[in-house]
Amino acid sequence: MNQWLDEIRAIAYQAARTVHKRYKPYFDVSDVNQELMVWVLAHPEKITEWLSPEPGSQEYKDGIKKLGKTMMRNADRICRDRKSTRLNSSHTDISRMPSSA
């Protein structure tokens with residue numbers, strides 16, 4: 001997988017930046033980029049399957065497209081989860097005043 005690392009990093013960074021445009025206040029690009037790279041390290045079999053054909057071949061280009069689409073979906077999921085978590089944690093319970101009956 002080391003031979004593809006620069007290309008993978010570039011795809012992860014591009015996915016993180018693209019999704020960042022929709023979720024700016026909820027996360028930093030580097031955080032999502034890091035989570036995408038963790039996903040890559042956790043799924044070496046997919047990376048090998050997608051990027052093992054000869055660079056420049058149509059199979060390799062198709063693998064790069066699959067990786068890019070997967071990274072975009074993962075980046076979007078990460079951002080939605082973070083946004084949801086931040087919004088949910090910012091709500092505080094409003095205590096009611098005791099009624100004086």
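T70 is buried, with a relative accessible area of 9%, where buried means under 20% relative accessible area, exposed means over 50% and partly exposed lies in between, using a 1.4 Å probe and protein chains only. T70 has its place in helix 4, residues 58-89, and, leaving aside residues up to four places away in sequence, T70 touches W39 and W50, a contact being heavy atoms within 4.5 Å.

Before I go on, please keep in mind that this is a predicted model, in which local features need pLDDT of at least 70 and side-chain atom pairs count only at pLDDT 80 or more, while totals for chains, interfaces and linings use all residues. Residues are numbered from 1 along each chain as its sequence is written, and side-chain values use heavy atoms, with hydrogens and water left out.

Now to the chain as a whole. The chain has four helices and zero strands, and from the N terminus on its elements run α-α-α-α; helices here are DSSP runs of H or I with at least four residues, strands are runs of E with at least two, and both are numbered from the N terminus. Of the 101 residues of the chain, 35% count as buried. Of the contacts in the chain with a separation of 6 or more, 66% are accounted for by residues 24 or more positions apart.

Let me turn to helix 2, residues 29-42, which has 14 residues and reaches 20 Å from its first C-alpha to its last, close to the 20 Å expected at 1.5 Å a residue; the expected span is 1.5 Å times one less than the number of residues. Which residues of helix 2 are buried? They are V29, V32, N33, L36, M37, W39 and V40, and because they cover an arc of only 155 degrees around the axis, they sit on the same side of helix 2, the arc being that of the directions from the helix axis to the C-beta atoms. The face of helix 2 turned away from this buried side carries the exposed residues Q34, V38 and L41. As for V40, its relative accessibility is 1%, so V40 counts as buried, and V40 and L67, which are 27 residues apart in sequence, are 9.4 Å apart in space, C-alpha to C-alpha.

Next, the pairing with helix 3, residues 44-51: the axes of helix 2 and helix 3 come within 5 Å and cross at roughly 85 degrees, which makes helix 2 roughly perpendicular to helix 3. Angles of 65 to 115 degrees count as roughly perpendicular, under 35 as roughly parallel, over 145 as roughly antiparallel and the rest as oblique. The contact is made by W39, V40, L41 and A42 of helix 2 together with P44, E45, K46, I47 and W50 of helix 3. The buried residues of helix 3 are I47, W50 and L51, and because they cover an arc of only 80 degrees around the axis, they lie on the same side of helix 3.

Helix 1 has 16 residues and reaches 22 Å from its first C-alpha to its last, close to the 22 Å expected at 1.5 Å a residue, and its buried residues are L5, I8, I11, A12, A15, A16, V19 and H20.

Terms used:
Axes fitted to C-alpha atoms, helices over the stretch in contact; angles between N-to-C directions.
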